[in-house]
Structures are given as structure tokens and as C-alpha cells.
Amino acid sequence: MLKAFREAMESRSTRDATLTAIRLGDVYLGSDSYSDALGYFVQAGGGELGAELSDAEAAGLYVRIAKCHLGLGDYRSARNYCAKLDDLELDDGEISVWAEANVVLARVEIESGRYNEALRAAQKAYETLRTSPDSPLLAEAGKALGVANAELGNITAARDYFTDYLVSQKRLGDEAGLASAYNNLGVLAKRMGDLNGALDHLKNALEIDRRLGRSAAIADRLSNLGIILYKLSRWAESEESLNEARDIYSRIGATRGLVAASTTLGNVCRERREWSRARGLFDEALRVSRERGYLRAEALSLEFIGHLEMDQDRNEDALATLSGALGCAYRLSSNSDVVGEVLRRRADVLFRLGRLEEAERDCSQAIKLTREIGDKLEEGASLRVLASVCYAKGESTAAEVLITRAEEMLRRIGESMELARAAMAEGVGLRDSAAPGQLPLDRIEARFSAAEAIFTRVGAGGWVARSQLERGKALQRGGQPDRARTWLERARLKLEVGGDKQGLAEVDAILRELDAGLADAAVSLQARYSTIAEGYRFLETAEPRAEDLHQFAEEITDVLVADRLILLALVEGASPVIVTSVDRSGRGIAEATRFVRTTLASRGHSRPLVVSDGRSSNGSAPKDIGAVALIPAQVGFRRDRSYMLYADRFVSERSAPFTQSDIEFIGAAARMLGVAHSRFGESNAWEENGRLAEELGASPESAGFITKNSDMLRILASIERLKDSRVPIVISGESGVGKDIIARAIHQGGRSKTGKFVALNACAIAQHLQESELFGHVKGSFTDADRDREGLVQVADRGTLFLDEIGEMSSQLQVKLLRFLQNGEYRRVGENITRVSDARVISATNKDLAEEVKGGRFRRDLFYRLCAVVIEIPPLRDRSDDIPLLMEHFLKLYCEREEKSIPGFSREVRELFMKHDWRGNNVRELENDVRRGVALAADGEVIGIDKVRPELRDQYQMGLRSDEALRRSLKDEVEALEKSRILEALGRTSWNKQAASDLLGLSRPGLHAKMRKYGIG
């Protein structure tokens, strides 16, 4: 045919050349080669060639050119060529070309998002062709009517048109039309929430088009398949389909299809937390959409950028972007599916910003619209967001109903990610809407577990981490800091792998709050310990009286924050006798006494009873009681007599369940009160109190120092000699050796233990704030001093002031600290009054203070005042005999926290840990490595070398290979290292090749090339 065209041109037969050019263009158009086809059609219509065409032939050519522009995504040009038919004189016999032009125009308007215009154009064609029921063009008009009706939410009409189209294509035997029918039914099934049905239809369409070799149609089917697979959270399959579609679209120059496939691929990347790649795809799609006038694609690109900004916690940016997307969507149609999607996402970001009324308004509109157009997936997602709004407004019952409806809907259509998000939304809502002390933790954890299971199944590592983070926050709020820390550390590991800096910052902030809570708990524990210890000291030095016993009981009640406390003496064969009682409730003890006697009668005298939270006690606690404990205490060797201590808390907004620490304190208090009563109430002095006092007493070992090293044992022995002295002590040693533990051991073992142990880290506080932190300040003494504040020296009065990193203290503060050390006097910032504190000072440093004095960075007189006694803690590398002890200690500790049973360490790990010098952070570094191993090892699995930090693992492997490496060439060594690094990166990213290439600093093709070279995967 090309030869005929050349011959026609050479013979100057312009009409023959024109018709041949049109036939050539038809060949290329039939194979979806739009650019080549357009070249021949334009040549046929231009100059002398075009002059040879009749109006009817010109009309046919214009329609062909419009089809090419439609395929290339140039909708303006396609629309213009359809309009050219108005300038031609066509008779009634040419109605088919008018109808075909209207079908093409309808397709153009559908792609442009102008659905009402598309409906009008398709209706014109359909009405024109109704007298020709077997016309393929009539079927195409019906298909266009179906698409336009589907986009406008007229689902019933759309289904009817699509079904008619399918029947007509089967009757005509048109396989290409049959594939198109299956595609349309698949898109409609997606809209109605039948994702698996949509998948089947689209696979049928793809199979037919692959057999026919229709490139553009194959790309369309692959793109639609990618969308469905994304909705089903089958991201690897979705990416594969979308990449193949993008390759075809690029090859045939179909820009509109390329934009659609790119935005869906961007969503896959966003779900995987590959945010940079996702943003690049969205931005490029937005740029092309605006250049080409793809209004629907522009709205979707903005919507997805807004969603990405939400995932990155850039909520104000997301709100602006989504508002712009909504403007584009409304220009498409006020009731299009895009409007519903954007309204739901904007409601979500308004909820995050606390603008609940606006969020509820957008949600309600989204639910109404998605219900009208039959989009079950979006309706379910909108119900989920509205439930979160209701939780935030305190409307928990409505929220639970909405979540149930959303989950039923999402479960029916098989959409995993939204189902998991709904479970997580309920967990967050239950957590944030419950009153303090009333969190239904079991239910909350069940919801987070359900969400995490789905996220894990679909490979959404970032969402798994987010679920674990939210669960940790719930446990923190529910008063379970240790379990909260466990889940937060699990989240941290996944966030580190995903490179989620914002998530890591949030985890770190919560961990700091937990650390602060530990410090508060330590102060509370010291107060409890002081109460018990003072009681025992009194018992050792004086003969107790009933008044003393009652005073001890009152102090115990105050420290425990109990409403009532009753001590009963129990003698076998006799009724319990109340020894003393305290009532802070004003309701008396009669009811509680009856409960105790009934319980003792049914359970006996030796069985304790604890109801930590009376709200879930199933009637085992008295009415209105929030928490109750009944703890026995055997004092001395008389088994026929003992004591029972009862304590309770009434239900109130401020009440909290009894914790494990509370129960342990009640047990210790029961024993102390029993000892006191036995001394004034009985002639025999029970000997048990001496053993109990010894148990309660502190020692360096009980303070947490684990060692069998001879140097360390000598240091601990010196602590015993120094514990009651007031002499200043400096503890020196590298970071992480345990200087703070030694300081606490000195405090807890000495006479300052009745006061507080207060620490100041000079590195952690700006120099201009150090003086205020240490000595306090008065209101107005500097810009932010809005109230008087006690300094740490006052808080530590009669206790211990621990000055960590003393070498970092400012020179100005060194002068004032010297004065305090000389006579115990100090002044607050901005105050002329001299105050006094009897705080014992213990300092710590990892610097050589003598060298600091020589360099003029530390005052000589302060050096001699502080360094009356210097305790040098050896680094871990100099006491390697402690390493196995510490490994086993930390293994047991973190196995309990992770609720795992791990037998131990492999031989390689033990050998590596013994050889490592631990210069990074000594014991703290070892603890972190054991903790990592426990987190990564499966239950019952030994911690092997693969669970160790990469740098430590490399150190071990380099040691093993050192001799072999010397025998190998440099090229072999480099290749071995490259292979090792690639395998490590693939392992850390769960074999996500894009993420692995980013981690290695390679392009994705570069990574594939090296994998082929080394035979990986």
C-alpha cells in the first residue's frame, strides 16, 4: 500500500494519493499507532490532496483524525475536528458519519470529565442509529451512554446499557467489542464495591485483547487491573500491571492513559511509604493534566497529593490541596465519584485538625453522594471517618454503630486496607474517648491486633508500625508503661526500616514521657519505701503503742491513695479482730468489714484477693468499689495466727485501678503493721520482722549493678563504707558504664535515702538555664520566669543531688556550686535571700577533670572540693567476665517484656560479644544489642549472628574471612562485599527493590544488573 501511495504521488494522481494515505492511516489506527495514523490522515487532508475529497469523505477523515487525537489524549484537537463536520454539506444518507462523530465526541467528553456533555453527544448518536439495531456504531453509542451514566451515578441505567452492549457484541461476533464490554462491566463492578467481580471481568477483557494484539486496549485493561489490585491491597501485582501499562502508553504516545496509570502507581508507592517516588509520580501527572486539560486527572492528582500530605502529617498543606481538588471535581460534575472521594479525604484532614463540625459536614455529603452512585468502598471509608468524628465529639454509641456498618460493607467487598483502617480507627476512638482509668484495654488491643494482622498480611509495613504505635499510646494511657514500651520499640524497628522520621520522632516523644513517668514512679516508690523503712526503724528503737500503729496506718493510706484501710488479726478458730482502721471516704467501715469476714469464711485466711478494677469484677467487689485488695501477712512462726490488710478505692473520675506496685506495697505494709501489733499486743516477739527489714533494705546489687569482676566488687565494697558519709564523691568513667546506678546505690544505702535522689545532666540543659535549674528562680527574674520555682538543691534537701557530666558545667555556675559545697548556702536567680540545703552531692563525668583544670576549663578549687573521693568505674572491655552475666540478665528482662521464650545466644554471637570492645556506650550498648536480638528473633529461636547490628556482623564476618581475604584479589573482595551489602539491603526492605536501590544509592536498573551479576533472586 505504501508503494501504491508513492506511485500515486509520482503519477500526480492526487485523488489516488489521498485515498491511499487514508487507507494507510486506517491500518495504523487499527493497530493503535495513533501518531503514525495521524501523520497520514493529516497528509490526506492537507493541500492538493485534501481538495480532491468530497464533503462526505472529508467528514469521514475528520472523524478519523479526532479518533487519533482522542487516543493521544489531545482532547481540544479531537473536539475541534468533530466540530468541523458543521462546516460540511452532508445529506441524510450520511447520518452514520454524524453518529460516529458524536460517539467520538462523547468519548472525548468522558475523558475530559464533562459527563453531562458526553451524555448529550452519546444520546444524539444513539437516537440517530436506533433504526439500525445491528449497527456496531449503535453499540458504541450505548457503551458511551453507559459510561456517562455510571460516572453520573445512574448505576441502573449504566448496567442496562453495558448489558445491551455485551449482548450486541456477542451477536455481532466482535471480539474487540466483547473485550470492551467486559472492561466496562468490570469498571461498574468496582464502582458498586464488587472488587473480585471486577477483577474477573477485567481479566476476561485482557485475555481477549492480548489475543487480538490491541496495544491501547491492553494498556487500558492493565491500568484498570492495577486499580483493582491496588484496592485489594495486592500491591506487587498492581505495580506489575501498572508498569506494563505505562510502557505501552509511552510507546504508543497515549498521554491520558499514562497519567492514569502513573497516579495509581503513585498510590501504591504512598501505601508503601515510598513518599518521594509517590510525590514525583503525582507531580508529573498533575503537570501533564494541566497542560492537556485533563480535568478529572487533575482533580485525582490533587486528591492523591493531599492524601500523601496527610500521611506525612502535613495536615494544613493537605487541607489546601484537597480544597483545590474539590474545586476541580465540582467542575467535572457535582455528583461525580471524584467529589465523594475528595469530600471524604477532606473530612479526614479536618478531623485531624480538630475542626469537627466541618468534618462532619463533609462526611455527611460524601456518604450521601457515594450512596447515590453506589460506590460501596467510598461509602464504607466515609462511615469510618464519620465514626472517628463521633468519638471525638463524645458520641461513642453512634461511633460504634457507624464502625460496625463500615466494616460489614468493607468486608463484603473484600477491601483490606480500609477494613484495617476501620479497626484501627475504633481502637483510637475507644482510647481517646474513655475517661482516665476506664479504658477498655482488652477491647482496644483486640482492635489494634485485628488491624495489625491485616496490615501485615498485605505487606503494609508502615501501617503495621502505625498500629503498634497507637497501641503503645493506648497502653501508656491505660497505665501499663512496660507493655507500652514493648509495642513502641516494635514500632520503632519498623519505622527505622521504613525511614519514617516523623513516626520515629513521635515514638521518641512518647518514650521520653514514659521515662519521665519512670522518674515520677521512682519518687513515689521512694516515698513508699520511706514509709515502710521509717516504721521499721521505729520498731527497732522503741516500744510501739496503739497510737503509733494507727499513725502508721494513716501514712500508708495516704501514700497508697486509698479510701479505706483495715488491719485484722486472725486467730485460728476465732472471729477476725479489727486492730486498726482508716476511713477517708466518710462512709464507715461496716460494709467493708462484712465483705472481709464473708470472704475469709469462703476462701480461708491464707488466700489473697485482688480486684484491680471493680468495674470488671463480676460482683466480686462491694458496690461502688473501683479497686480492692485483701492481703494476708504471716508474722513469726505461729501458724495459727496471722494478719490481713484490707484496702479499697471507690469508683470516681479520678480513681485508678490497683497496680502491681500498689499490691506489693500493700503486702509490705501488712507485714509491717502486723509486726508492730505483735510487739505491743502479744508477749512473744515474732522474729520475722528482722528478715523482712533485711529484704526491704537497699544494697548496690539490688539497685541494679550486676558484676562478678574483682575490681567492681572492691568498688561496691567501698560504697558500703561511704554510704553514710557526707563527703562529696566523683564517679568517673566512660559513657554507659553505670555511673548513675552507682550514685543511686550510694543514695539508697545511706542515711540520705529518706530524702529524694535528684539528677541534673549538665549536657542536657543549655548553659544559661543551668543556674535556674540547679538553684531555682523567682518570678520575673528573666523573660520566661512566670512563677517562682524551686531548684534541684532544694528538692534534694536531706537527700542526694547527682550532678551528671559535671565537666560540662558553665564557669559562672561552677563558682556558685563551690559556695554551696562549702556551706550548703545558695540563692535563687533574681533573689537576695540566702537559703540552705542539706543535700549530699555526688558528681559524675566521662572527662579527665585534672586535664580540664590544666586547660583552664574547670576551676581548681571546685575540683578539690568535689574530688574528696573519686570512684573510677572500669569500662566493660576491662571487665569482660561481666559480659556473659549481663547478656543473660538483659535476655531474661526483654524476653519477659516481649513475652517470648528465647533459649539464648548462638556460639558466634557469644564469641563476638566477648571480643567486641564496647567503646560506643559500654553496658548500655550491650543492652541495646541484646534487646534488638530479642525483638528480631522468633519465639523459641536462638539469637544468631543474623540478628546482630550490621556493623557488628560485618566485624565478625571480617574476622572470619581475614585469612581468606588476604589470599583473594582486591576485585574478589570488592565483589564479595557488594553482594553482601545488596543481600543486606534486600533483607532490610523485605525485597522491595526500589527501596533497596534507594538504600544502596543505586538506580533500580543498576541494582537489577548487579543482582543478575551475582545470581541474587
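Visitor: Which residues does Phe41 touch, not counting residues up to four places away in sequence?

Guide: Contact means heavy atoms within 4.5 Å. Phe41 touches Ile22, Gly25, Asp26, Leu29, Leu61, Arg64, Ile65 and Cys68, leaving out residues up to four places away in sequence. This is a predicted model, where local features need pLDDT of at least 70 and side-chain atom pairs count only at pLDDT 80 or more. Residues are numbered from 1 along each chain.

Visitor: Which residues touch the most other members of the largest nonpolar core?

Guide: In soluble globular proteins, nonpolar side chains tend to be buried together. A nonpolar core is a set of buried Ala, Val, Leu, Ile, Met, Phe, Trp, Tyr and Cys residues joined through side-chain atoms within 4.5 Å. Buried means under 20% relative accessible area, exposed over 50%, partly exposed in between (1.4 Å probe, protein chains only). Here the largest core has 122 residues, and Phe41 and Phe455 touch the most other members. A second, separate core has 35 residues, including Ala139 and Leu178.

Visitor: Where is Asp313, and where is Val561?

Guide: Helices (H or I, at least four residues) and strands (E, at least two) are DSSP runs, numbered from the N terminus. Asp313 lies in the loop between helix 17 (295-311) and helix 18 (315-332). Its phi is near 60°, a positive value in a residue other than glycine. Val561 lies in the loop between helix 28 (546-560) and strand 1 (564-571). Phi of Val561 is near 55°, also positive in a residue other than glycine.

Conventions
Side-chain values use heavy atoms; hydrogens and water are left out.
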